[in-house]
Amino acid sequence: MPLYKCIVSNSQGKKIEVLREAATEDFLIASFSNSTDFLLKYDLVNNEKKQILKKRFSNKVVIEFTDIFSSLLDSQLPVQDALLMVKEISGSKDVKILAEELYLEILHGKNLYDAMSLFPTTFSLLYRGMVRLSEKTGNPSVVFKQLAEYLHKNEEIKTKLKNVMTYPCLVLSIVFFCCIGLITFVIPKMTEILLQFDNDSSLEIINKIEKLKIVFIFLFFLVLILIILFIFLSYLKKKNEQIAFVLDKILLNIPIIGKHIVSKQTLDFTFAMELLVGAGRIISESLQESALSVSNLYFRDAIYEVYKELEKGVSLSSAFAKTEIFHSYFLTWVKVGEKTGNVESVFSQIRRYYHSATERTIKKLLTWIEPGLILFSGLVIIFVVINFILPIFTMYGDIL
């Protein structure tokens, strides 16, 4: 997402510098249309300068900060006072530092959204989008309360997913290092011992061992190449937005994985739409704002296409259908919302559905991964026994 350095005139007539993300210059200008700040000029921030802005705090810090900040806002404290109180209340050093840095940025004339834009790797697009929403609606306590609830649910899903993936990654790592051990230590010793027998059986086993060694070496370099490729593509994705767009499109088209990514992006999108529409924002404006809450660039572009179609007079459900990226369940409920006129409850229903769908996917992974790994381990053992252990014992039997 391009980042712009903007010079604006605030409600007091004072010129201040703010940072704002927008897909295009038109969307940047449109983002100030309902703001008390008047845009004077703007410049695109290049990648080198963007790197200077990145200060990283963990998800745990963000969740604790949001919990405390939400509670303080709920008690009717102003934003500045709430940030000072977060610093006093929290027992976490990182939370204190984060609250203090945000407070100092606000003292220098920035609003909370622009202050958080200085932490692009700490506060997600969705988080910053919701903060911008809270400033536009003038009701930050409600938005931060819902944001805190969402962060906890999202962290719960991440924790479950990590737990699901830990066991298979551990098993595959053990298998991987065992293979390296076989190639480095076991296979050379076995070959050396078998060569001493100098008969047909030993030569046959040596040939199988050599073939197995070639397979292991091939798999080792394949894994190594895939890891290097993943790191390289991740680097390119951060540096080049066009490459990031292409890679995000490819990800959405990968079977199973793509479906899960679409579900997660739809969950973030509908959460933003639920809050925006519920706060009284019109659909077209809500689409612009909620597009910034998703991380997949291809999915975000699809939302912008919906916005453009809506501006042409196309119905909301037809505009979503044209993108060919949203699931049939989503499209059906949008049609229901159009007929009933109650779009807010529709997006709320869709959000709950996709949250449940994500949890169901994780449960399925938990159900299938363990027996799948047991089957995989069994097949490896059977392969080794049939091709190596039995022939060796047979050969020893013939000698004795």
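Trainee: Which residues in helix 10 meet helix 13?

Mentor: Glu241, Ala244, Phe245, Asp248, Lys249 and Leu252 of helix 10 meet Leu297, Tyr298, Phe299 and Asp301 of helix 13. Contact means heavy atoms within 4.5 Å, and helices are DSSP runs (H or I, at least four residues) numbered from the N terminus. The residues of this contact divide into six nonpolar, no polar and four charged; Ala, Val, Leu, Ile, Met, Phe, Trp, Tyr, Cys and Pro count as nonpolar, Asp, Glu, Lys and Arg as charged, and the others, Gly among them, as polar.

Mentor: A word on the source: this is a predicted model, where local features need pLDDT of at least 70, side-chain atom pairs count only at pLDDT 80 or more, and totals for chains, interfaces and linings use all residues. Residues are numbered from 1 along each chain as its sequence is written, and side-chain values use heavy atoms, leaving out hydrogens and water.

Trainee: How do I describe the packing?

Mentor: Two packed helices are described by the angle and the distance between their axes. Here the axes of helix 10 (residues 241-252) and helix 13 (residues 297-311) come within 7 Å and cross at roughly 90°. That makes helix 10 roughly perpendicular to helix 13 (65 to 115 degrees). Axes are lines fitted to C-alpha atoms over the stretch in contact, with angles running from 0 to 180 degrees between N-to-C directions.

Trainee: And what does Leu287 touch?

Mentor: Not counting residues up to four places away in sequence, Leu287 touches Phe269, Met273, Ile303, Val306, Tyr307, Leu310, Leu316 and Phe320.

Trainee: How many helices and strands are there?

Mentor: The chain has 16 helices and three strands (strands are E runs of at least two residues).

Methods: Angles under 35 degrees count as roughly parallel, over 145 as roughly antiparallel, 65 to 115 as roughly perpendicular and the rest as oblique.
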